[in-house]
Amino acid sequence: MTTYRNGFTYRTDLAYKGNDGVFQKPVLSRAIAIAANDAQAQNPAIETAWVGIERTDFELETGWQFAQAQNQNNMMPWGKPFALSQEAELAHSEAIAMSFDTETAWAKPLPANTEAISAWGEAIALPEIIYSLHWSKTYRADAEKNTGWLTITHRYEGEFYRNKEDYRSFWKYRLINRPLALDNSLSTGWGGYTAKLNDNNIPWGDGFHVWGTETPLEWTSDPTPLPDQPAPPEPEIEDFYNMATDLTVIDVATQTALAIDDVSMSLDIDSFAWTLSARVLNRASMNLAMPSKLIKVSTMGYDWIFVVESYSSTRGIGTTYRIQASSQSRMLDAPWQDISSNVEAAATTWKQAAESLMPLGWSVEFNRIQDYIIPAGAWSYIDKTLKAALADLLEAIGVVAIPDMSQQVLHIQPRYKYAPWEYNAASTEPDVIVHEAMIISESGQYHPANVHNGVWVSGNSRHGVIVEAVREGTDGLPAAADVYHDLIVDVDAGRQKAKQIIAASGSKTLVTLETIITDEQASPGLITPGMLVEIRSDGETWRGICLSTNVAGAGLPAITQTITVERDHGDHS
Amino acid sequence: MATTVNPYKRFKELLGSSSKQIATVLTTYSDGTSLVTVRGRNFTARGTDVPVGRKAWIVNGDIISEAPDLPVYSVTV
């Protein structure tokens with residue numbers, strides 16, 4: 001039973017039959033049945049020993065006298081049975097009202113805001129705190145308070161209060177699920193976290209489907225493709241460039257500055273080492289730059305390390321010497337390396353195969369290479385040095401290894417980093433920009449050739465595949481000559497190789513440019529083979545792959561770089 | 001052949017390269033030659049070592065040995 005206002009428990013079965021305000025006192029007594037169990041001996045362990053009894057009269061069969069207990073102490077005195085449980089004992093008397101307050105606990109409900117004492121016949125005034133109603137305002141029966149969610153209808157009139165119903169049903173609120181405020185004709189069934197009924201049943205005006213086909217928000221998107229790499233610095237166009245180039249050559253072992261000038265350092269994209277030719281000005285420097293010595297050449301913030309291979313001198317007044325040197329990548333080939341043979345017995349990948357060839361201290365860096373799996377037994381070489389074995393790997397998918405200038409690192413990238421038809425794609429950023437104003441001299445040589453739109457690339461062994469590659473948007477004709485390589489063992493291998501073959505086809509012009517060399521903060525910086533170069537002039541802008549670089553400084557340290565850029569004639573487009 | 005400024009590669013281009021192909025043998029003749037085909041182009045090669053219907057390595061016009069029959073894929077670049 002619920003606790004009613006004053007905190008006393010209202011007793012259930014006592015119905016107040018209000019009748020014209022006459023309070024009927026409830027029946028105070030009621031019969032309560034108590035079940036008392038049978039009494040049991042208090043001490044069941046005691047037994048009574050009965051002695052034999054005498055027969056009084058032999059003639060009478062039933063003439064037994066009362067027996068007497070032999071031992072008076074053992075007799076069981078049976079007394080009044082006790083109730084088993086003391087708690088069950090009840091005083092069966094008239095019930096007494098538990099609290100006087102309950103007699104008058106029912107008063108006319110009052111508005112919550114109004115504290116009033118009801119003069120109610122013989123009812124006793126309740127303390128104020130008991131009178132305050134905690135369940136909010138009451139409303140007239142004919143007034144529906146529209147809260148937007150439900151309507152509480154509360155009867156208030158006195159005649160309804162004094163009805164014949166049980167008070168509980170009187171206080172039972174009618175919770176009516178009313179139509180919502182905005183639209184009386186609609187109701188929404190909610191289940192889970194989504195509206196069960198979509199569309200029109202949401203009454204609060206226009207909205208949008210969170211889950212659905214309609215796009216609720218107008219997204220403005222930028223469809224511009226992201227470039228593959230950051231843009232190079234923009235060239236500063238000047239009438240003249242006042243360059244202060246520097247040239248420092250030191251002996252790596254002793255860090256001694258050497259009197260060397262007139263350097264010429266070259267690399268082309270198909271070579272494996274930078275080469276150096278330089279003039280040594282005196283005997284002391286020559287002694288430190290003898291063959292097998294490492295020397296470091298620095299200019300404009302770029303460093304090269306060479307191993308000296310040969311020298312020559314011309315005796316006379318002011319004897320001068322010349323040395324020839326190569327970068328350390330030369331050491332990956334004979335005579336520094338012995339030949340060997342190997343078959344890779346376990347499955348590997350192309351990149352892992354390339355890395356596995358590197359001796360201690362050397363590493364490779366990959367740029368735009370798509371790796372693929374070489375099955376067990378597919379990669380084999382016979383009597384090759386590390387460099388020759390690596391070159392075979394490179395040849396398989398048409399990539400080149402650009403030796404690092406000073407580190408023991410090979411930068412492996414596709415020969416055509418971008419195919420000619422990708423040169424001007426929105427996602428392509430050149431590595432370097434050369435403006436016409438920076439070009440000291442320029443020449444070109446035309447190399448006519450057929451353009452090929454497709455090629456068949458095939459493996460040689462049981463591991464191989466045949467890949468028919470077609471330039472997108474063409475019928476693949478004319479096709480280049482078939483290409484076979486042991487390491488075409490995957491579609492990705494064939495695709496990369498085929499892209500290089502198709503990119504290399506078509507007419508080209510080798511444009512040789514002599515331009516300034518700047519530090520890497522400014523344009524053009526140092527242009528190395530493999531870079532995508534953008535040449536700007538007033539008339540046109542074109543892009544091409546740098547095929548070779550020659551950094552040279554004459555007697556006075558005025559260092560320039562001469563690059564060869566392959567200009568595609570646009571046959572592919 | 002890609003354009004290059006590498007002297008060694010240019011020299012190799014001058015020398016030319018050997019031709020190498022995998023072809024399917026169509027017919028073997030009694031004069032020691034075979035009719036072979038590569039994707040619809042027929043030509044005659046020397047040698048009859050590879051039976052009809054099989055793939056053959058053809059290097060500079062000679063049938064060298066039997067060649068593997070490899071799966072073919074088509075890609076666009």
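**Reading the model feature by feature**

Modeller: Let us begin with a single residue and what surrounds it. The model is predicted. Beyond its neighbours within four places in sequence, A:W350 is in contact with A:F366, A:I369, A:D371, A:Y372, A:I374, A:L393, A:L394, A:I397, A:V399 and A:I412.

Biologist: Which residues have the most contacts inside the largest nonpolar core?

Modeller: A nonpolar core is a set of buried residues such as Leu, Ile and Trp, joined through side-chain atoms within 4.5 Å. Here the largest one has 43 residues, and A:W350, A:L390 and A:I412 have the most contacts inside it. Elements of chain A that give two or more residues to this core include α5 (350-357), β18 (399-403), β19 (409-414) and α7 (491-504). Helix α6(A) gives the most, namely seven residues. Another core, of 41 residues, lies apart from this one, and A:V249, A:M265, A:Y321 and B:A2 are among its members.

Biologist: In which sense do strands β6 and β10 of chain A pair?

Modeller: The general idea is to look for bridges between two strands. Strand β6 (residues 248-251) and strand β10 (residues 294-299) of chain A pair in the antiparallel sense, over four bridges. Within that pairing, A:V249 has A:V297 in β10(A) as its bridge partner. Strand β6(A) also pairs with β7 (residues 256-257) of chain A, again in the antiparallel sense, over two bridges. There A:D251 stands opposite A:T256. A hairpin is formed by β6(A) and β7(A), with four residues between them, and A:Q255 in the turn has a positive phi of about 60°.

Biologist: What are the elements of chain B, and in what order do they run?

Modeller: One reads the elements from the N terminus on. Chain B has one helix and six strands, in the order α-β-β-β-β-β-β. Of its 77 residues, 34% count as buried. Chain A has seven helices and 28 strands, and 38% of its 573 residues are buried.

Biologist: Which residues form a nonpolar patch on the surface?

Modeller: B:Y8, B:F11, B:L14 and B:L15 form one, with about 520 Å² of accessible area together. B:F11 lies in helix α1 (residues 7-15) of chain B. B:F11 counts as partly exposed, because its relative accessible area is 46% and that class runs between 20% and 50%.

Biologist: Why can charged side chains pair, and how many salt bridges are there over all chains?

Modeller: Side chains of opposite charge can pair when their charged atoms come close. Over all chains the count comes to 22 salt bridges. In one of them, the side chains of A:E540 and A:R567 meet at 2.9 Å, N to O. A:E540 lies in the loop between β26 (532-536) and β27 (541-553) of chain A, and A:R567 in strand β28 (residues 559-568), so the pair ties together parts that are 27 residues apart in sequence. A:E540 is partly exposed, at 38% relative accessible area, and A:R567 is partly exposed at 24%.

Biologist: Which parts of chain B does the pair of B:D62 and B:R46 tie together?

Modeller: The side chains of B:D62 and B:R46 meet in a salt bridge at 2.7 Å, N to O. B:D62 lies in strand β5 (residues 62-66) and B:R46 in strand β3 (residues 41-46) of chain B, so this pair ties together parts that are 16 residues apart in sequence. Salt bridges may also share partners: A:E234, A:E534, A:R536 and A:R543 are joined into one network in that way.

Notes:
Residues numbered from 1 in each chain as written. Chains lettered and ligands numbered in written order. Predicted model: local features only at pLDDT ≥ 70, side-chain atom pairs only at ≥ 80, totals over all residues. Heavy atoms only, no water. Buried < 20%, exposed > 50% of the residue type's maximum accessible area, 1.4 Å probe, protein only. Contact = heavy atoms within 4.5 Å. Pairing = 2+ DSSP bridges. Patch = residues over 30% accessible without salt bridge, like charges linked within 9 Å, V, L, I, M, F, W, Y side chains within 5 Å. Areas by Shrake-Rupley, 256 points an atom, 1.4 Å probe, with all protein chains shown as cover. Salt bridge = Lys/Arg side-chain N within 4 Å of Asp/Glu carboxyl O.
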